[in-house]
Amino acid sequence: MRKFGLIGFPLGHSFSKKYFQEKFEKEGITNCSFELFEIPDINHLQEIITNNPELEGLCVTIPYKEQVKAFMDKLDPACAEIGAVNCIQIQSGKLHGNNTDYIGFKNSLEKWLGSERPNALVLGTGGASKAIKQALKVLGIKFLSVSRSSKPGMVTYQDLKENPSFLNEFRLIVNTTPVGTFPKIEEIPDIPVDQLTANHRVYDLVYNPAETQLMKVCLEKGGKAKNGYEMLVLQAEAAWEIWNTSPKK
């Protein structure tokens with residue numbers, strides 16, 4: 001039996017397990033299973049590998065996308081540049097790090113925007129944001145990161161409130177934070193949403209609920225909004241492709 005899984009903490013609402021179980025059933029794949037490995041510390045990774053010798057691949061979610069990089073024997077070049085790992089291929093005891101968040105977001109955003117290339121505000125600075133920023137670079141979209149605290153090359157949420165002109169210049173808002181995720185569905189990122197217009201676009205990586213409060217406000221203003229479900233599907237399929245391809249030497 002081939003085994004795959006997901007590491008993170010907590011894992012109460014896992015997209016990956018449900019998706020892969022349904023994929024295996026729908027496609028008649030009977031020799032594969034997908035398990036959840038909820039670990040309170042990234043140092044438990046080696047224990048998981050040792051205790052599950054049939055493991056061929058792992059997805060990585062919050063909060064370990066950056067921490068897990070140090071455990072890899074090899075990193076995909078794009079993944080190394082991003083600085084975060086969300087997909088691990090395991091072969092002959094060696095761990096190969098990849099980033100399919102980047103692939104999923106890039107392909108989804110490109111299809112959604114068409115020929116548009118609006119400047120983007122990236123909310124959040126975690127592992128997911130790194131993949132999003134790499135995709136924006138490749139697509140030629142100018143972006144600015146928004147952090148809770150003051151950091152070089154970034155602005156804070158307070159800066160956005162004090163300078164409404166930011167939302168005039170940056171018409172694409174990408175939320176890479178978990179704010180608004182079930183069960184705290186009433187929460188919304190701390191940005192001046194009253195400044196959103198029909199010219200704005202919100203891409204929220206949250207997929208549960210299907211319409212977050214941030215998306216709802218943008219839609220009410222006449223703008224466009226998209227959740228992260230398609231990105232998750234595309235990154236999951238990219239992971240499956242990696243797990244079924246011999247790693248590069």
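In the predicted model, Phe-170 is in contact with Asn-119, Ala-120, Leu-121, Lys-142, Phe-143, Leu-144 and His-200, when neighbours within four places in sequence are set aside. Phe-170 itself is found in the loop between α7 (165-169) and β10 (172-175). With a relative accessibility of 3%, this residue falls under the 20% limit and therefore counts as buried.

Thr-212 is placed in the loop between β11 (201-204) and α8 (213-220). Residues up to four places away in sequence again being left out, Thr-212 touches Gly-180, Asp-204 and Val-206. The loop between β11 and α8 also holds Pro-209. The peptide bond that joins Asn-208 and Pro-209 is cis, with an omega of about 15°.

A cis peptide bond is also present from Phe-9 to Pro-10, where omega is near -5°. Pro-10 belongs to the loop between β1 (2-8) and α1 (15-26). As a general rule, most peptide bonds are trans, and most residues other than glycine have a negative phi. Ser-92 has a positive phi, about 55°, although it is not a glycine. Ser-92 lies in the loop between β5 (87-91) and β6 (94-98). Its relative accessible area of 74% is over the 50% limit, so Ser-92 is classed as exposed.

Asp-73, in the loop between β3 (55-60) and β4 (74-75), has a relative accessible area of 48% and is partly exposed. The residues touched by Asp-73 are Gly-93, Lys-94 and Leu-95, not counting those up to four places away in sequence. Asp-73 and Asn-199 are 126 residues apart in sequence, and their C-alpha atoms are 45 Å apart in space.

Among the helices, α5 (residues 127-138) comprises twelve residues. From its first C-alpha to its last, α5 reaches 18 Å, close to the 16 Å expected at 1.5 Å a residue. Helix α5 is mostly covered, with nine of its twelve residues buried. The buried residues of α5 are Gly-127, Ala-128, Ser-129, Ala-131, Ile-132, Lys-133, Gln-134, Ala-135 and Leu-136. After α5 comes Gly-140, which has a positive phi near 75°.

Two packed helices are described by the angle between their axes and the distance between the axes. For α4 and α5, the angle is about 45° and the axes are 8 Å apart. Angles of 65 to 115 degrees count as roughly perpendicular and those under 35 degrees as roughly parallel; α4 and α5 are therefore oblique to each other. Their crossing is right-handed. On the α4 side, the contact involves Asp-101, Tyr-102, Phe-105, Lys-106 and Leu-109, which meet Ala-131, Ile-132, Gln-134, Ala-135, Leu-136 and Val-138 in α5. By class, eight residues of this contact between α4 and α5 are nonpolar, one is polar and two are charged.

Helix α4 (residues 100-113) also packs with helix α9 (residues 229-243), at an angle of about 135° and with the axes 8 Å apart. Since angles count as roughly antiparallel when over 145 degrees and as roughly perpendicular from 65 to 115 degrees, α4 and α9 are likewise oblique to each other. The crossing of α4 and α9 is right-handed. In α4, the residues Thr-100, Asp-101, Ile-103, Gly-104, Phe-105, Asn-107, Ser-108 and Lys-111 meet Glu-230, Met-231, Leu-234, Gln-235, Ala-238, Ala-239 and Ile-242 in α9. The contact of α4 with α9 contains seven nonpolar, five polar and three charged residues. Asp-101 and Phe-105 of α4 are listed in the contact with α9 and also in the contact with α5.

Note on methods: Residues are numbered from 1 along each chain as its sequence is written. This is a predicted model: local features need pLDDT of at least 70, side-chain atom pairs count only at pLDDT 80 or more; totals for chains, interfaces and linings use all residues. Side-chain values use heavy atoms; hydrogens and water are left out. Helices (H or I, at least four residues) and strands (E, at least two) are DSSP runs, numbered from the N terminus. The expected span of a helix is 1.5 Å times one less than its number of residues. Buried means under 20% relative accessible area, exposed over 50%, partly exposed in between (1.4 Å probe, protein chains only). Axes are lines fitted to C-alpha atoms, for helices over the stretch in contact, and angles run from 0 to 180 degrees between N-to-C directions. A crossing is left-handed if the near helix is turned anticlockwise from the far one by less than a right angle, and right-handed if clockwise. Contact means heavy atoms within 4.5 Å. Ala, Val, Leu, Ile, Met, Phe, Trp, Tyr, Cys and Pro count as nonpolar, Asp, Glu, Lys and Arg as charged, and the others, Gly among them, as polar.
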